[in-house]
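Notebook open, structure up on the screen. I'm jotting down what I look up as I go.

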Amino acid sequence: MEFLASRYDPWLVASTIAVASFAWYVALDLAERVRGGDRVVATAWLIGGSLSAGTGIWSMHFVAMQVLSLPVAIGNAPLPTFLSWLAAVAVSAVALWTAGRDQLSSLRLWVSALVMGALMCAMHYIGMSALVVEPAIVWNAWLLAASAGIAVVVSAAALQFVPWLRRQTKERKVHCQIAAALALGLTIGAVHYTAMAAASFAAGTLWRSADALHGNGVGDLMVMVSLVLLALTLMTSMLDARLQSKAGELIGSLRDINAQLHSANEELQQRAFHDPLTHLANRTLFEDRLMHAVARSRRDEERIAAHQQEKLAVLFIDLDGFKAVNDSLGHTAGDKVLRECAQRLRQAARDNDTVARISADEFLVLMEDVPSVAVCATMAQRMLDALAQPLQVTGRELQISASVGIAVFPDHGHQGKLIAHADAAMNAAKRAGGNGYTLFESHMNAGALEQLSLQSDLRHALERGQLHLVYQPKLDAAGDQLRGVEALLRWNHPERGLVSPDVFIPVAERFGLINALGDWIIDEACRQSRVWAQAGLQVRVALNLSPQQLRHGNLVGHVRAALHRHQVDASQLLCEITESVAMEDIRATQVTLENLEKIGVYLSIDDFGTGYSSLSYLRQLPVQELKIDRSFVNDLESSSDACAVVDAVVRLAHALGLRVVAEGVETRHQQSILQQLDCDELQGYLFARPMAASELLAWTQKRGIGAGRVAADPAPTKH
């Protein structure tokens with residue numbers, strides 16, 4: 001049989017392969033969209049992508065049939081042509097659905113590849129059936145089989161390209177996707193043209209579909225429609241990818257911000273409700289848990305009626321003699337001891353007990369579901385035993401004891417009284433010698449109520465004008481020249497009368513009021529210094545700094561602000577700290593004193609000789625003065641040892657370039673001895689008692705110390 005000769009235009013063939021490659025590029029890009037987490041969006045991309053990519057692949061088939069050059073007119077019947085297009089869309093749908101799966105097993109891969117290969121062959125051969133001819137097309141069985149095999153292999157390769165592309169870096173992905181699309185375009189072209197080569201047309205064939213869809217115009221239109229559809233799909237996919245990327249970045253940023261906020265919130269919660277040194281609960285958290293525990297206990301009405309109510313208890317624990325640890329070993333060692341004690345208390349407590357640290361060496365324990373007071377006593381002894389175990393600090397073995405007070409609810413008062421009653425019981429245990437526990441009794445309440453009443457009144461003393469300063473003069477050794485004054489705080493209570501500083505200063509320190517009092521003293525002393533200066537009296541005012549003030553971060557700033565506010569020269573202010581306080585944490589003390597020295601404030605070590613000073617430490621402190629404790633001055637007339645100590649202190653101070661002040665001078669004989677020992681300044685009842693500011697000018701005039709004879713000598717330069 002004679003067959004018609006067929007040929008193809010190479011440029012048109014190349015254009016069909018380009019269209020197929022573009023369609024595969026879009027299909028590979030859409031695979032990521034179909035894989036998205038949102039089911040509705042993924043389904044929309046599957047449908048849209050199948051229509052777009054399927055149309056692109058089908059247009060390559062349709063146009064390739066149009067570029068088949070035969071010596072007769074060729075046309076395509078509409079219905080088979082439409083069914084061929086549906087097969088192409090189905091190929092794309094299977095490809096996108098399979099590629100969108102997270103896991104692609106070998107079985108799924110080859111099943112999908114077989115389905116795609118079958119649909120691809122259906123697309124082509126249904127499309128070929130649109131050529132309605134007589135006699136029928138003659139097919140080459142080997143080429144038919146080859147085209148089907150290539151279709152399956154192309155499908156399998158396309159499905160494997162997708163997970164391979166996901167593993168590429170962002171920079172390489174586009175180039176790899178282009179290369180993969182070109183390779184798939186060439187292979188699908190091989191499928192089509194192999195299938196076309198399998199068809200032969202007999203000479204004299206009658207083309208019944210010649211008047212149907214035909215001509216290059218239809219092919220060009222199909223190509224344009226396909227390219228526009230593919231381009232729009234690709235642009236939409238790229239825009240969606242960009243939006244998802246931005247959304248992902250935004251979500252990532254929000255997650256980071258949320259994580260940071262969560263972390264910050266946890267840190268704030270930790271700081272707000274936990275002690276920073278021991279990480280135990282603080283007083284705020286303890287009182288909250290106590291409130292809830294009491295509320296739970298009160299809700300148990302039936303058990304209360306049956307006299308079976310479980311009790312709850314508060315244990316107040318205070319370490320015995322802890323100040324000596326700080327005084328002798330410093331705050332760093334003291335902090336280590338506190339952390340170890342906190343750990344031991346936590347281990348000794350039950351799982352549902354709350355252990356809290358409320359001040360330097362004071363702890364609280366909340367015990368719930370306590371069947372009897374005996375259980376509380378057993379717990380108190382267990383904690384005492386745990387604390388008594390030796391511990392190693394800076395190479396030394398220490399043993400810590402404690403005093404424990406126990407208050408039980410509801411036996412020992414309502415919720416608001418439990419901590420105070422446990423505190424009162426603890427103080428009773430401490431008065432009994434410490435290293436033991438005591439159960440609260442009603443007579444112990446008097447001391448606790450007194451403390452609470454004092455601190456409540458002290459909080460309002462400043463605003464009510466009940467506090468004032470008195471000033472005790474400091475003179476030269478001869479007693480005829482004013483060197484300065486020491487400011488001393490007094491509290492004139494409307495009901496209690498004059499309250500001794502020995503009573504209210506410990507209360508202020510214990511209840512956190514000392515910094516407010518100290519700030520007021522600094523400001524008032526500077527104000528009074530300015531008033532005296534305007535009256536012609538230039539005098540240096542000495543202030544006592546508490547340990548809490550010394551460790552307060554804003555002490556230097558407050559001093560500087562007060563000096564500036566009242567226009568007082570810094571050299572007119574002298575800050576005194578006791579020897580034991582200075583040695584508690586030598587590094588922290590040194591930093592604070594150096595900052596005070598930088599603004600020009602004079603500095604003094606008070607009560608010298610009673611602490612644990614090291615000469616090497618003393619030389620590191622930028623002080624200008626030592627103040628000998630009054631206990632040595634009192635014994636000057638009766639003890640040669642006291643004279644020897646004072647003589648040694650004076651010589652030592654002068655060797656270090658420091659002035660020496662002796663306080664507590666009450667007799668002429670003491671003054672005479674101190675003069676002979678070359679003491680620089682004297683202070684005591686022999687010369688004057690502390691007096692109101694308004695009385696100082698009159699006192700200087702009465703003593704014959706006029707403004708012209710008042711001296712505030714600069715301290716000698718240290719060697």
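Predicted model: local features only at pLDDT ≥ 70, side-chain atom pairs only at ≥ 80, totals over all residues.

**Entry 1: two helices crossing**

I started with how helix 18 goes past helix 20, and the crossing is right-handed. Helix 18 covers residues 555-565 and helix 20 covers residues 586-598. Their axes come within 10 Å and cross at roughly 20°. That angle is why I can call helix 18 roughly parallel to helix 20, since anything under 35 degrees counts as roughly parallel.

Which residues meet here, I wondered, between helix 18 and helix 20? From helix 18 I noted Leu 555, Val 556 and Val 559. Across from them, helix 20 brings in Thr 592, Asn 595 and Leu 596.

**Entry 2: His 566**

Next I followed the chain into the loop between helix 18 and strand 18 (573-578), where His 566 sits. Is His 566 buried or exposed? It has 15% relative accessibility, so His 566 counts as buried; the cut-off for buried is under 20%. I then looked up what touches it, skipping neighbours within four places in sequence. His 566 is in contact with Asp 523, Cys 526, Arg 527 and Arg 530.

Then I went back along the chain to a sheet. I found 5 strands making an open sheet, in the order 8-9-7-12-13, with mixed pairing. Strand 8 and strand 13 (436-439) are the edge strands, and each has a single partner, so one side of each has no neighbour in the sheet. From one strand to the next, the twist averages 20°.

I zoomed in on strand 7 (residues 311-319) and strand 9 (residues 362-370), which run antiparallel and are joined by 7 bridges. On this pair, Phe 316 stands opposite Leu 364 in strand 9. Helix 12 (residues 373-388) packs on the sheet, and it touches strand 7, strand 9, strand 12 (402-409) and strand 13. I also wrote down its direction, which makes about 160° with that of strand 12.

**Entry 3: Asn 352**

Where is Asn 352? I found it in the loop between helix 11 (331-348) and strand 8 (354-359). Asn 352 has 38% relative accessibility, so it counts as partly exposed. Leaving out neighbours within four places in sequence, I see Asn 352 in contact with Glu 368 and Asp 369. I checked Leu 366 as well: it is 14 residues from Asn 352 in sequence, and their C-alpha atoms are 8.9 Å apart.

**Entry 4: strand 21**

Last stop, strand 21 (residues 659-663). How many of its 5 residues are buried? The count is 5 of 5, so I noted the strand as mostly covered.

Then I looked up the partners. Strand 20 (residues 625-628) pairs with strand 21 in the parallel sense over 4 bridges, and Glu 625 stands opposite Arg 659. Strand 22 (residues 681-683) also runs parallel to strand 21, with 3 bridges joining them. There I found Ala 662 opposite Leu 682.

One more thing to write down about how the chain gets from strand 21 to strand 22. Together with helix 24 (residues 668-676), these two strands make a right-handed β-α-β unit.

How values were computed: Residues numbered from 1 in each chain as written. Heavy atoms only, no water. Buried < 20%, exposed > 50% of the residue type's maximum accessible area, 1.4 Å probe, protein only. Pairing = 2+ DSSP bridges. Right-handed = clockwise from strand over helix to strand, strands pointing away. Axes fitted to C-alpha atoms, helices over the stretch in contact; angles between N-to-C directions. Parallel < 35°, antiparallel > 145°, perpendicular 65-115°, else oblique. Left-handed = near helix turned anticlockwise from the far one by under 90°. Contact = heavy atoms within 4.5 Å.
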